[in-house]
Amino acid sequence: MTDTTLSSAIVFQPGTSDAEIEAAAARAARNRGRAVYFWRYFILLVFLGGWEVLSSTKLIDEFFFSSPTAIAMRLYEWITEGTSEGPLWYHLWVTMEESLLGFFTGSVAGIVAGIALGRNRMLSDVFSIYIKVINSVPRVVLAPIFIMIFGLGLTSKVALSFVMVFFVVFSNAFQGVREADRNLLANAQILGAKDWQLTRSVVIPSAMSWIFASLHVSFGFAIVGAIVGEFVGARYGIGLLINVAKGSFDAAGMYAAIVIIMVVALAAEYGMTVIENRLAKWRPAPLQDAS
Amino acid sequence: MNNPNSPAIELINVSRRFLTPDGKSMTALRDFNMSVARGEFVAVVGPTGCGKSTTLNLVTGLAKPSSGEVRVMGAPVNGIDPSIGFVFQTDALFPWRSVIDNVVAGPLFRGVPSEQAYESAHQWLARVNLSGHESKYPHQLSGGMRKRVSLAQTFINEPKILLMDEPFSALDVQTRVLMHDELLRLWSQAKASVVFVTHDLEEAIALADKVYVLTAGPATVKSVYPINIPRPRVVSEIRYDQAFIDISRTIWDDLRDEVQRGAARTEALVA
């Protein structure tokens with residue numbers, strides 16, 4: 001009924017007009033869209049409903065797993081009355097500030113370093129070993145070190161976000177530069193591009209889709225960096241809320257903090273997609289099958 | 001050194017060796033001699049993989065000869081010469097730039113003021129019949145239109161020397177003939193010296209003043225044929241001329257042995 005895979009492509013009778021074919025295609029697309037949304041909401045409802053029922057019938061222990069209504073109530077309480085550690089918005093702002101600073105500094109440094117090493121064989125041969133070594137360190141273990149060095153404030157979290165983001169963006173930018181089309185490079189050189197013009201007009205644009213792919217994941221990493229930092233030692237932030245909730249065995253509070261982070265990360269991801277689509281308007285849009 | 005009587009391009013006893021990834025040396029060109037007069041259209045034909053494209057890279061300065069000498073306008077090649085234009089076999093348009101921004105790239109790289117560069121880009125797009133497509137992106141154009149953008153992108157720099165590496169081999173046969181006429185029209189106005197590499201003998205004869213036949217790799221010049229078909233030529237017509245048929249039979253007799261040797265050599269390498 002709503003299945004529009006290629007194998008079930010509609011065969012039109014001879015003499016069907018273009019308008020009819022287009023109308024049928026539009027109908028099929030609408031039906032398909034509805035089916036997608038239906039299943040999405042259905043799965044969400046089953047998940048949340050099942051969770052609620054399981055915890056209210058004591059099949060799972062509410063003490064550990066909480067329940068959707070308890071989490072919603074905790075969120076409502078935090079939003080309207082604030083948390084035990086002060087207003088929710090302030091904590092959220094602190095976490096966002098740390099993540100954004102880490103994200104921007106990390107991605108800018110990653111892009112610059114990736115392009116520099118990608119363009120210069122000697123530099124990359126010398127530094128690649130060190131980058132591998134540092135990259136093999138699990139980032140999370142740096143949290144206590146950074147807190148020891150930079151203190152409980154903003155700087156230590158930004159530093160942790162930075163290292164989370166830097167390596168992802170760096171390796172993608174590096175790879176993107178290396179994958180630049182040799183013909184395009186040769187063409188630009190013969191047309192008269194000098195070193196910096198070549199980098200700016202060919203190397204960076206062709207690395208851009210690689211860089212964007214890494215920016216998508218790395219904003220999530222920036223948040224992880226900030227939260228882990230707060231978790232280990234902080235005065236404000238969502239990570240601190242989780243830590244406090246853990247200390248008072250408040251499962252609903254921990255899940256509520258997770259929900260907040262999910263919303264923020266999804267919003268950031270959406271914003272990134274909008275920016276990327278605007279920058280990548282030169283890319284071909286896929287043609288659709290008429291059925 | 002820029003003697004106006006010197007040939008546009010000279011390759012004197014040029015050899016070019018490559019190092020393969022496993023460290024072995026491979027000879028692509030051996031004792032290669034070629035001379036292209038100013039304003040002359042030279043076509044180079046030879047079996048697949050014989051080193052035709054290597055000759056072009058030597059002229060651009062993107063590659064250096066292992067021995068021998070390459071001279072452009074009487075002076076030895078040193079880096080990328082600004083008087084050279086190059087049309088590639090595959091698409092070399094910048095996919096993230098619109099048509100007009102692709103055409104304007106050369107002048108902007110060379111420091112022409114932006115207003116002037118865009119004005120001449122509009123003129124060149126009109127000359128290749130692409131007015132009205134300025135703001136489209138390459139992926140929105142057909143293969144023939146993209147090739148015309150490439151020609152405009154190259155010709156806008158007013159190259160004295162035009163190197164073409166099988167530029168039309170990816171096009172269908174009808175489009176290719178149209179592009180041949182287009183190229184001859186642009187060339188007759190621009191008065192550039194052309195080296196046109198192809199594996200299509202008829203294309204070579206239809207376009208060129210002189211056809212170089214290369215041996216199967218390592219490539220060296222086997223023979224040179226002057227093509228005395230009067231200009232202006234209409235490429236879609238002259239292939240039925242008796243003179244055209246005679247010369248293509250003569251050259252093909254010469255080329256056939258090399259094609260067979262080249263094929264045998266490729267198979268031996270694969271085996």
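Me: pLDDT is the predictor's confidence in each residue, from 0 to 100. What is the mean pLDDT of chain B?

Reply: This is a predicted model: local features need pLDDT of at least 70, side-chain atom pairs count only at pLDDT 80 or more, and totals for chains, interfaces and linings use all residues. Residues are numbered from 1 along each chain as its sequence is written, while chains are lettered from A and ligands numbered from 1 in the order in which they are written. In chain B, 98% of residues reach 70 or more. The mean is 88.

Me: Which helix supplies the largest share of the side of chain A that touches chain B?

Reply: Contact (C-beta atoms, placed from the backbone, within 7 Å) links 14 residues of chain A with 19 of chain B. Helices (DSSP runs of H or I, at least four residues, numbered from the N terminus) α8 (182-191) and α9 of chain A each supply at least two residues of that side. The largest share, 7 residues, comes from α8(A).

Me: How many charged residues does the side of chain A that touches chain B have?

Reply: Asp, Glu, Lys and Arg count as charged; Ala, Val, Leu, Ile, Met, Phe, Trp, Tyr, Cys and Pro as nonpolar; the others, Gly among them, as polar. This side has 9 nonpolar and 5 polar residues. The charged count is none.

Me: How do α9(A) and α11(A) run, roughly parallel or roughly antiparallel?

Reply: Helix α9 (residues 195-232) and helix α11 (residues 251-279) of chain A pack at about 160°, with axes 11 Å apart. Axes are lines fitted to C-alpha atoms over the stretch in contact, and angles run from 0 to 180 degrees between N-to-C directions. Under 35 degrees counts as roughly parallel, over 145 as roughly antiparallel, 65 to 115 as roughly perpendicular and the rest as oblique. The two helices are therefore roughly antiparallel.

Notes
Two residues are in contact if their C-beta atoms, placed from the backbone, lie within 7 Å.
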